[in-house]
Amino acid sequence: MKRKRRNTYLVSALTLALVFAVVILIFRDALPGIGKNLRAVPLWGVLLLLVLGFAYETMESAVCLVIIHHKKPDCTLADALRVTFLGVFGNIATMGAGTLPMQSYCLYRRGLDAGSGLGIMASEYVLHKISVLLYATAALLLGGEWLRGGANGLARYILIGYAIGALIVLALTLIYTWDRVLALVLRLLDGLLHKPKWAGSLTQLNREAKKVLLVPSLAVKGIAVSLAKLFVLYTIPYAALRLLGCTALTFGQAQLLAALMLLITNALPNVAGVGPMEFAFLLLFAPWSDTTVASSALVLYRVATYFFPFLLSVIVFLCEENRSLKGFDAQSAE
């Protein structure tokens, strides 16, 4: 137990150190200015950003809870929060490899079989991607004229983001809901990987995801909550810029740029969630403020949406690990 805990601390520390090193590398030329800007941010402002970051994760958990309730009505928001933060931990600490296993096991311990857990998390991912496309479309319809007048060269990034986002949604929806597409994918996987175990996992996932994605009332409710979640997330860049004294953008304009930022990240590869977001943030927000101010706002944004949630996820992971070990010890004693 102690060894596992030490390994957890080590992996978490190394991950944070790696991400911090990447941040330093990206902003090495502007570090003095960024440091000066960040020191000027009041404590209440930092706390506000952390609250918004936690509110976003809570809304993510609310989406999860909406989907879970169709299978297990007695699940609570606290259960969904654990699932969400285990996803955060798995995405960062294991470079994404441990995300679904951790979340599925957490749901399993709360009475849901492995197939249901995989189906729930897969469905949530699809609804999230749909929500990103819908929010960006609505924001462009409302503020597209303003954007065309002041931001050149963004069209290709936006189009690529739309194309890749739509392809992801279409491909996953077909695999999760259409048996013929699933059968084709299984044949391809069997021919390429020769691993029959994929068939069982994907079949279970397909069966459970259908119960979400093909139920209009459930899918609409999940998308509605996910849109509210994105509203909270897109408020953070605006708050960060205002705390740094930047008044060039209205609330609606900042919402539009933030929506496009998340859309563009669809088109870029990432490692543990690092890389595309930094590029897209500076691409969209730097033209409307001083580059140093935009970089400072990016640091605040990542603290609220990346570092702080990851620290909370470490705590959740350790608590879940303790619960699992206690349950294992109790079974052994019997």
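Of the 334 residues of the chain, 49% count as buried (under 20% relative accessible area; exposed means over 50% and partly exposed in between, with a 1.4 Å probe and protein chains only). The structure is a predicted model, in which local features need pLDDT of at least 70, side-chain atom pairs count only at pLDDT 80 or more, and totals for chains, interfaces and linings use all residues. Residues are numbered from 1 along each chain as its sequence is written, and side-chain values use heavy atoms, with hydrogens and water left out.

The mean pLDDT (the predictor's confidence in each residue, from 0 to 100) is 82 for the chain. A pLDDT of 70 or more is reached by 79% of the residues. Over residues 328–334, pLDDT stays under 50. That stretch has zero contacts beyond four places in sequence, contact meaning heavy atoms within 4.5 Å.

The secondary structure comprises 13 helices and zero strands. These are DSSP runs numbered from the N terminus: helices are H or I with at least four residues, strands E with at least two. Among contacts between residues at least 6 apart in sequence, 75% join residues at least 24 apart.

Two packed helices are described by the angle between their axes and the distance between the axes. Here, axes are lines fitted to C-alpha atoms, for helices over the stretch in contact, and angles run from 0 to 180 degrees between N-to-C directions. Helix α3 (residues 43–68) and α10 have axes that come within 9 Å and cross at roughly 170°. This makes α3 roughly antiparallel to α10 (over 145 degrees; under 35 counts as roughly parallel, 65 to 115 as roughly perpendicular and the rest as oblique). The residues of the α3 contact with α10 divide into 18 nonpolar, five polar and three charged. Nonpolar covers Ala, Val, Leu, Ile, Met, Phe, Trp, Tyr, Cys and Pro; charged covers Asp, Glu, Lys and Arg; the others, Gly among them, are polar.

Helix α10 (residues 216–243) also packs on α11, at an angle of about 110° with the axes 8 Å apart. α10 is therefore roughly perpendicular to α11. The crossing is right-handed (the near helix is turned clockwise from the far one by less than a right angle; left-handed if anticlockwise). From α10, L230, F231, L233, Y234, T235, P237 and Y238 make the contact. Their partners in α11 are F251, A254, Q255, A258, A259 and L262. The contact residues comprise 11 nonpolar, two polar and no charged.

Helix α11 (residues 251–264) in turn meets α12 (residues 276–285). Their axes come within 9 Å and cross at roughly 145°. This crossing is right-handed. Residues A254, L257, A258, L260, M261, L262 and I264 of α11 touch M277, A280, F281, L283, L284 and F285 of α12. The contact contains 13 nonpolar residues, no polar and no charged. Seven of the 10 residues of α12 are buried, so α12 is largely enclosed by the rest of the structure. Those buried are P276, M277, E278, A280, F281, L284 and F285.

Two individual sites were also examined. E208 lies in helix α9 (residues 197–213). E208 is buried, at 5% relative accessible area. Beyond four places in sequence, E208 contacts K71, G115, S116 and G119. T177 is 31 residues from E208 in sequence and 9.2 Å away in space, C-alpha to C-alpha. T94 sits in the loop between α4 (77–93) and α5 (99–109). T94 counts as partly exposed, at 26% relative accessibility. Not counting residues up to four places away in sequence, T94 touches F89, T99 and M102.
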